[in-house]
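Work through the exercises below with the structure open beside you. Try each task before you read its solution.

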Amino acid sequence: MTDSDEDFTRPKWPRLLSNRFVVVPALLLVLTAGWNAWVVTHDHGIVAGRVLDASGTPVEGAEVKLWVFNFTTFVVKATTTSRPDGSFEFANNPSHNIQVSAEKPGKGRSARVAIRLYFASEDFVLKDPLRLTDGT
Amino acid sequence: MRRYPRWPIHLALLAASFIMLVPFYWVLKTSVSGENIFSYPPNIIPRDPNPFYYVDVWYAIPFARFFLNSVVVSTMTVVANVVLNAMAGYSLTQNFFGKNMVMMLFLSCMMIPFQATIIPAYLITGKLGLLDSYLGLALPMFSTIICIFVFKASFDAVPRSLIDAARIDGLSEWRIIWKIMMPLAKGAIATNVILAFIWSWNNFMWPLISTRSIDMQTLPLGLARFLSYQEDTTGALYAFCIMVLAPSLLLFLLAQKEFVQGLTSGATKG
């Protein structure tokens with residue numbers, strides 16, 4: 001059918017809605033709304049993980065530090081202590097660029113683990129535990 | 001008629017496209033890898049690509065606010081450009097006393113750079129009480145002479161008989177512009193939209209002078225602010241560039257057909 005044979009009895013709105021100037025912004029709006037919904041439901045600022053010693057045994061009472069990037073360097077934002085099963089949890093992490101480290105006298109200290117989050121305060125669970133070494 | 005092979009043209013076009021697209025690819029690659037620009041040998045494929053430089057940009061400056069400001073100012077500029085330039089372009093297709101003088105004035109004004117008019121523009125905006133406001137940011141770009149001529153070229157291509165018929169049917173000049181001329185000038189409208197948008201979106205000098213508070217700054221000013229905040233900016237700087245470029249690139253891709261039509265309309269007679 002050519003342009004001159006346009007069917008005027010058909011409603012115009014389906015063609016208008018399938019226009020790329022409508023479809024692309026609508027798609028972007030949906031993606032943005034979806035992303036924001038994900039952010040709102042996952043931004044409690046929880047950072048969790050476990051602390052193990054060199055032999056793989058959970059360490060209780062290790063001091064775990066949360067480091068937050070502050071323009072040029074990382075500064076300690078919060079400190080917590082590991083539980084009997086070696087687990088720890090920070091609440092209210094405000095940043096998207098953080099580091100976590102653990103230390104216990106006699107057991108040693110872990111390397112600082114850098115964590116990059118997709119948005120500030122994103123809930124995050126460390127896959128690999130913090131391992132304390134060089135305890136002597 | 002002898003047909004020449006097309007592959008040499010396609011080859012040349014491919015080579016030209018490659019040369020033009022390589023910088024864009026490099027910016028995109030660096031924005032996801034953060035690779036130092038001086039590293040040797042350079043990696044063609046990004047190593048460990050990640051989106052975290054974009055996240056850094058988002059939180060280093062009030063990106064959402066700057067983005068909103070840019071969108072509002074650009075939208076105002078685009079709407080004003082289409083309306084005012086169409087009116088001016090239509091008037092230049094009519095015969096009136098001093099038309100040639102007006103045309104000469106427009107053409108001569110095109111030679112005056114914007115930088116030379118910044119102080120008067122600032123004083124006028126200040127007297128109107130529009131400094132540090134959206135309207136004040138958009139006002140100097142409300143009409144551009146090049147776009148007036150784009151509309152004029154497009155309106156010149158419309159047969160006079162059509163306008164005469166509209167007048168005989170009783171349409172006023174306003175309704176002739178909006179009901180007859182504008183639907184026939186989609187290419188010119190697209191050209192106006194894209195040019196006005198790009199000029200407004202990339203404008204640095206005027207927002208720098210006319211804004212005082214951080215809340216009213218636009219993205220180009222945000223880029224300058226961002227550079228002053230960060231030390232190692234390689235990846236984040238390129239990510240910022242992509243974030244600033246993306247909307248105008250999207251707009252061009254959406255309307256490229258109309259854009260090319262607008263540039264070529266009025267190029268031929270008959």
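This is a predicted model: local features need pLDDT of at least 70, side-chain atom pairs count only at pLDDT 80 or more; totals for chains, interfaces and linings use all residues.

**Exercise 1. Describe the make-up and the spread of chain A.**

Solution. 
- List the elements. Chain A holds two helices and nine strands.
- From the N terminus, chain A runs α-α-β-β-β-β-β-β-β-β-β.
- Compare the radius of gyration with the globule rule. The value for chain A is 25 Å, well over the 14 Å that the rule gives for 136 residues, so chain A is more spread out than a compact globule.
- Look at the box. Along the principal axes, the C-alpha atoms of chain A fill roughly 90 × 30 × 20 Å.
- Check burial. Of the 136 residues in chain A, 21% are buried.
- Check the contacts. Among those in chain A with a separation of 6 or more, 64% are between residues 24 or more positions apart.

**Exercise 2. Which strands of chain A does β1(A) pair with, and in which sense?**

Solution. 
- Begin with β1(A) itself. This strand spans residues 47-52, and five of its six residues are buried.
- Take β4(A), residues 87-90. Four bridges join β1(A) to β4(A), and the two run antiparallel. Within this pair, Arg50(A) has Ser87(A) as its bridge partner.
- Take β8(A), residues 124-125. Here two bridges link the strands in the parallel sense.
- Take β9(A), residues 130-131. Two bridges join β1(A) to β9(A), again parallel. Leu52(A) has its bridge partner in Arg131(A).

**Exercise 3. Find the strands that pair with β2(A), and find the residue with a positive phi in its hairpin.**

Solution. 
- Locate β2(A) at residues 63-70 and β3(A) at residues 73-81.
- Count the bridges. Eight join β2(A) to β3(A), which run antiparallel.
- Pick out a pair. Trp67(A) stands opposite Val76(A) of β3(A).
- Go to the turn. The hairpin has two residues between its strands, and Phe71(A) takes a positive phi near 70°.
- Now turn to β5(A), residues 97-104. Six bridges pair β2(A) with β5(A) in the antiparallel sense. Val64(A) faces Ala102(A) of β5(A).

**Exercise 4. Work out which residues chain B brings to its contact with chain A.**

Solution. 
- Count both sides. Seven residues come from chain B and eleven from chain A.
- Find the leading element. Helix α2(B), residues 52-60, gives the most to the chain B side, with four residues.
- Sort the chain B side by type. Five residues are nonpolar, none is polar and two are charged.

**Exercise 5. Decide where the buried residues of α12(B) lie around its axis.**

Solution. 
- List them for this helix, residues 219-229. They are Leu219(B), Leu221(B), Gly222(B) and Phe226(B).
- Find the packing partners. The buried residues pack against α2, α3 (63-93), α11 (205-210) and α13 (234-254) of chain B.

**Exercise 6. Trace the largest nonpolar core and name the element that gives the most to it.**

Solution. 
- Size it. The largest core has 31 residues.
- Phe151(B), Val193(B), Ile194(B), Ala196(B) and Phe197(B) have the most contacts inside it.
- List the contributors. Two or more residues each come from α3, α6 (134-138), α7 (145-156), α9 (173-181) and α10 (186-202) of chain B.
- α10(B) gives the most, with nine residues.
- Follow one member. Leaving out residues up to four places away in sequence, Ile194(B) touches Leu251(B), Phe252(B), Ala255(B) and Phe259(B).
- Look beyond this core. Another core of 17 residues lies apart from it, including Leu66(A), Trp67(A), Phe88(A) and Ile98(A).

Conventions
Residues are numbered from 1 along each chain as its sequence is written. Chains are lettered from A and ligands numbered from 1 in the order in which they are written. The radius of gyration is taken over C-alpha atoms; the globule rule is 2.2 Å times the number of residues to the power 0.38. A residue is buried if 20 or more other C-beta atoms lie within 10 Å of its own, exposed if 12 or fewer, and partly exposed in between; C-beta atoms are placed from the backbone. Two residues are in contact if their C-beta atoms, placed from the backbone, lie within 7 Å. Two strands pair if DSSP finds at least two bridges between them. Ala, Val, Leu, Ile, Met, Phe, Trp, Tyr, Cys and Pro count as nonpolar, Asp, Glu, Lys and Arg as charged, and the others, Gly among them, as polar. The arc is that of the directions from the helix axis to the C-beta atoms. A nonpolar core is a set of buried Ala, Val, Leu, Ile, Met, Phe, Trp, Tyr and Cys residues joined through C-beta atoms within 7 Å.
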